[in-house]
Amino acid sequence: MPIQIPVTRTTNPKPIPADVGRSFGDYFTDHMFLMDYDSAKGWHDHRIVPFDAVTLHPSASAIQYGQAIFDGHKAYRCDDGAIRLFRPHAHLDRLNGSAARLCMPAVDKDDVLEGLLRLVDLDRDWVPHQQGTALYVRETMIGTEGFMAVRPAARYTFMIFLSPVGSYYSEGSAPVSILASETHVRAARGGIGSAKAAANYSASLMASEQAKAAGHTQVLWLDSVERRFLEEVGTMNVMLRIGNEIVTPPLSDSILPGVTRDTALTLLREWGETVSERPIAIDEVMAGIRSGEIEEVWGLGTAAVVSPIGQLTYRGETLTVGGGKTGSVTSRLYAEITKLHRRPDNDPHGWSVLVDGSGAA
Ligand SMILES: Cc1ncc(COP(=O)(O)O)c(C=O)c1O
């Protein structure tokens, strides 16, 4: 049975700022989608309401024990003027994977997608127009029950809110400088690194702030056991071209299964590239950059899509990758993925979902 999603429109719509799409996440649209969960009723009270603060019990499990997960993807204004979401099903699958890992309830993906489509439709004027911009969609689930013992909560709130965004890095799509962390790890083996849990991001803050203070854009994360194998870069998955082989670390419980990573792997295999998902040691990377065998290293994620890495620092040695320029595979991936975002006539995988304007009340 289709769910009811009552819509309460804002009586006080915000003016859409002129620089919308030139910042990342500084603005939020006028409405949000909410639903609540308790063990007796399951998910209930689906609704779209004016964007506002949420009130929490001081002892809510989200606050005390970090029962907080999220996911993030984008809606694009396409070349035909229509608005489309890119791979929302993959993101909702990952959201449910994150929920399972933190003992939180799964959402009904069809219901959430329905709420999301209506929300984006209602706030469609906030989807920026310029190339390289999008409306970022943030799904969030938090444990709301207040109690003191350490256990999973019995009550949750799920929300979706929207933020018009431009480039994630101030460098835009220019190559960035990365510091391989010798002292900190993002996620431990056996931990929650493959879930998009809020706690993983607090775990990353100190190393990331230290890297920025030392003049780098982000951190290259190494594995938690040997501190040797590449895991991720900042909040992105990482890929390299070593000679004619394209390599990315295999998924594990300490790596987030990126949707952009999956998109890139699909395209690269279709293009006939040799692609390996295998462990890569930092020593192999440094040696390969020194010898010139590694000419391209890049990050992959929803926010920046494809982000070339121009410099890598490890144990005090800084190497320039591929002359500090964006390599050919990096450029091709960026061009092809951004084309998939905006070109409805070019969607062989059926990855885009139309926001068709029939939903908003
Ligand atoms: C830690 C981390 N790794 C990788 C990614 C890339 O994932 P996706 O391509 O699904 O955005 C993200 C962003 O969501 C992330 O936060």
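A polar contact is a pair of N or O atoms within 3.5 Å; within protein, one must be able to donate a hydrogen and the other to accept it, and residues adjacent in sequence count only if both atoms are side-chain atoms. The model is predicted: local features need pLDDT of at least 70 and side-chain atom pairs pLDDT 80 or more, while totals for chains, interfaces and linings use all residues. Residues are numbered from 1 along each chain as its sequence is written, and side-chain values use heavy atoms, with hydrogens and water left out.

A polar side-chain atom of arginine 94 lies 2.7 Å from an oxygen atom of the ligand. For lysine 196, an N or O atom of the side chain is 2.7 Å from a ligand oxygen, and for tyrosine 201 the corresponding distance is 2.4 Å. The protein covers 96% of the 380 Å² of accessible area (Shrake-Rupley method, 1.4 Å probe) that the ligand has on its own.

Helix α2 spans residues 88-101, and its 14 residues reach 20 Å from the first C-alpha to the last, close to the 20 Å expected at 1.5 Å a residue. After α2 comes cysteine 103, with a positive phi near 55°.

Methods
Helices (H or I, at least four residues) and strands (E, at least two) are DSSP runs, numbered from the N terminus. The expected span of a helix is 1.5 Å times one less than its number of residues.
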